[in-house]
Amino acid sequence: MSVIYLIISLILLVGSFYKNRAEMIFIFLGLVIWSLLGVLGASESIAILIALIASGTGLFLQYNVPLRRSFITNRLFDIAANVLPKMSETEKTALEAGTVWFDGDIFSGNPDWAKLMKEPAFKLSPEEQKFIDGPVQKLCGMLDDWQIQQDRELPDKVWDFMKKEKFFGLVIPKEYGGLGFSASGHSAVVTKISTRSIAAAVTVMVPNSLGPGELLYHYGTDEQKKTYLPKLADGTEIPCFALTGPEAGSDAGAMQSFGTVIKKKINGKNILGISLDFNKRYITLAPVATLIGLAFKLRDPQHLLGDEEDRGITCALLPRDIEGLTIGNRHDPMGVPFANGPIHGKDVFIPVSAIIGGEKGIGNGWRMLVESLAAGRSISLPSLSVGAAQLSTRVCGAYATIREQFDTPIGRFEGVEEILARIAGYTYMMDATRQMTCAAIDGGEKPSVLSGTVKAYLTEGMRKTLNDAMDLRAGAAIIRGPQNILSRAYSAIPIGITVEGSNVLTRSMIIYGQGAIRSHPYLLKEMTALQSDDKAEFDKYLWKHIFNVFSNITRCFLLGLSIKTGIIKLSNSRIETLAQAKLTYLCAAFSLTSDIALATYGGALKRKEMVSGRFADAFSWIYLACGALKRHHDAKERGMEPILEWSIQTACHNAHEAVLGNIDNLPNAFIRFLIKIISSPLGLRFKLPDDKLTGMVAASILDGDERRETLSKDVFIPGKDDPALGRLEQALKLAEDSLPLKKKLRIARKEGKINARYGELMITEGLEAKIITDKEASDLRKYDQLVMDVINVDDFDVATYKTLK
């Protein structure tokens, strides 16, 4: 009978897994207890009694709300008030900013894959595509990144062209003279430009992300919009936004820039305004800006605005020529020559009308910043990072095909295959995640938690792909000059890692610290009920939370067991279905471990930054895998299954190891043991891609494979006269016909028909032995010369070398 009960309990377990029904879970627990007691030899009557008590108690608590509230919830209310972390006003504002999208599914432990796949796919409008094919293509053709490096600035003709074509007004609505592009269109522009020049990409992306234009459109008064947006759109005004200061980097709330409300007599009239003192640094476009957005803390000691003295963070607009402003000096960010520098102000007076939003904007600066940053961080640096990854894929796929050592293209060596596979796999995941996130923003989302993930983990992806690309290119990568394709992007890596919230802080504090509350299906509601002393609401969401934990236990254990034993693989052959099962398991394991950590650490979890960092890793790798799945579903790209499989395996391994790392660090040994059994049944571990799959992914970007084109579709391809990428592309085109001829000559040498191993001698002997024709010999000589031009690096006479920058 115990076996029968166990089978029935497993059926109910599956039901609870799919339907998320609490009553099924409690009945399942009762049947499990019944069957286990039977197996252990207990009498049937005792087993039934204990099982009925367990199931009945659970069901009773679910449906008898008044009794549950009196005996349990009210006591838990007092305990939770001490355990759950307290929210400051700054944290509350950050938590309320933006929206919850698929991050909510991940935190719930039960993602709705049908919903995700029905979300609109990444798509450019005809107008946006025309802009990419026209002005963006032309701009890239105007950019000589090596010359920009030497001149230390963009040429005047480039500035004039960008203003004329409204590159600074990509996201400003058409009614104000802008182009009105979507997030997808904005991202596509930045991605393409970044494959040609990081300096130019940064110059374009900053005015279109966190800047006065974005803030004015969403929060400005009608008069401010009419006055400034048309001038920003056509480049009459060049904007910058001054947020960071010496004392306030990632912690923007610690800023020491202050504004004091005063009355000042101007032309015989008393004007209500603000006296500003500030010290800002790292401000992109500041040296060339004509309109400065400024964030500061506003104080009203004379109570000219009302009873409050501390009015909070506020944002205002300053013209460049205002009295007391010092601007124009430049920083040198890793030698990448985009305009960046400090801004200082002493006794700078502005009228109240200069506040973004007018008087209604007073004290709302922090909300403006976190809401705008949610969208901007999701687009600008992730797009630049994807551009660098796509460039790495295109360059390394071609170079590893034409560069030979030991009579073999270097792409055929397994050590190089590992590098190529990582570059291709990361590029696929990064681009997929960029596209999915941009499409969500275009659908009306403002993903505050996900913006941290795409900023931090895509810029880290840029670091990984460029590091690998530099290793593969070796000597050709480290010698600076016009022929070096990667060095300028490589120099820019720390910039993306550091700005818009450093990756260290974003990973260890922001992503999980914000997501655990904002994206959790119940926790923010519970905290709100606690703060408002609403025990009825607290009871409602607390028990939903508890039932969700039980649901995740069953889901996690059942799927984990199915994955470990291979049942999932036997019952599902489609790659997407298998991936969804693995990711659902990981979501359940992540959500369960997160709830256990919160219950274990309580409010102290805020200070457990290593724990928070591992949770951020797990969450973010799950999200990157979701991006890969969504891309495969939407794009229907031919032959990409090995790259998808590599991406899913890598992401699942990294996410699972992060979850297990947090389980291993739980302070209670019994809880560690119990959760590990549930979340990793039979010692489940996800493996990294094996050698066979790694080789398949590496091969996908060699020999001019069309998948290389797919992975690097946004890269600007210059003409054959270009000494760097243009020449490399030309060599790859010739390789299609030339490499088989080289193989034919090597076979002839092994057969003793010719003796020479390399170069002109080999071609001459092959021609004399009639192994190749005159035309084939001519083609081989042309190819060899072009390959030598690609392999060669720049050198300079001493006088020129001393002038290099």
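Me: Which helix is Ser 491 in?

Reply: This is a predicted model, and in it Ser 491 belongs to helix H19, residues 487-491.

Me: Why is Ser 491 called partly exposed?

Reply: Its relative accessibility is 26%. Buried would need under 20% and exposed over 50%, so at 26% Ser 491 falls in between and counts as partly exposed.

Me: What is Ser 491 in contact with, leaving aside its neighbours within four places in sequence?

Reply: Met 334 and Val 336. There's also Pro 333, 158 residues away along the chain, with a C-alpha to C-alpha separation of 9.1 Å from Ser 491.

Me: On to the rings. Why is the pair of Phe 107 and Phe 619 called tilted?

Reply: Their centres are 5.2 Å apart, and rings pair if the centres lie within 6.5 Å. The planes sit at 40°; stacked needs under 30 degrees and edge-to-face over 60, so this pair is tilted.

Me: What makes that a link between distant parts of the chain?

Reply: Phe 107 is in helix H6 (residues 102-108) and Phe 619 in helix H26 (residues 609-635), 512 residues apart. Both Phe 107 and Phe 619 are buried.

Me: And what makes the pair of Tyr 512 and Phe 615 stacked?

Reply: The angle between the planes is 25°, and under 30 degrees counts as stacked. Centre to centre the two rings are 4.5 Å apart. Tyr 512 comes from helix H21 (residues 503-518) and Phe 615 from helix H26, 103 residues apart. Both Tyr 512 and Phe 615 are buried.

Me: Which residues form one aromatic cluster with these?

Reply: The cluster consists of Phe 107, Tyr 512, Phe 590, Phe 615 and Phe 619. The whole structure has 18 aromatic pairs.

Me: How do you know that the charged end of Arg 473 sits over the ring of Tyr 399?

Reply: The distance to the ring centre is 4.5 Å, against a limit of 6 Å.

Me: Last one: why is Phe 673 called exposed?

Reply: Its relative accessible area is 53%, and exposed means over 50%, so Phe 673 qualifies. Phe 673 lies in helix H28 and is part of a nonpolar surface patch of about 490 Å², made with Phe 557, Phe 670, Leu 674 and Ile 677. Helix H28 (residues 669-679) supplies the largest share of that patch, four residues.

Note on methods: Residues are numbered from 1 along each chain as its sequence is written. This is a predicted model: local features need pLDDT of at least 70, side-chain atom pairs count only at pLDDT 80 or more; totals for chains, interfaces and linings use all residues. Side-chain values use heavy atoms; hydrogens and water are left out. Patches are made of residues with over 30% relative accessible area and no salt bridge: like charges are joined within 9 Å, nonpolar side chains (Val, Leu, Ile, Met, Phe, Trp, Tyr) within 5 Å. Accessible areas come from the Shrake-Rupley method with a 1.4 Å probe; for residues, only the protein chains shown count as cover. A salt bridge is a side-chain nitrogen of Lys or Arg within 4 Å of a carboxyl oxygen of Asp or Glu. Helices (H or I, at least four residues) and strands (E, at least two) are DSSP runs, numbered from the N terminus. Buried means under 20% relative accessible area, exposed over 50%, partly exposed in between (1.4 Å probe, protein chains only). Rings of Phe, Tyr and Trp (its six-membered ring) pair if their centres lie within 6.5 Å; planes under 30 degrees apart count as stacked, over 60 as edge-to-face and the rest as tilted. A charge sits over a ring if NZ of Lys or CZ of Arg is within 6 Å of the ring centre and within 35 degrees of the ring normal. Contact means heavy atoms within 4.5 Å.
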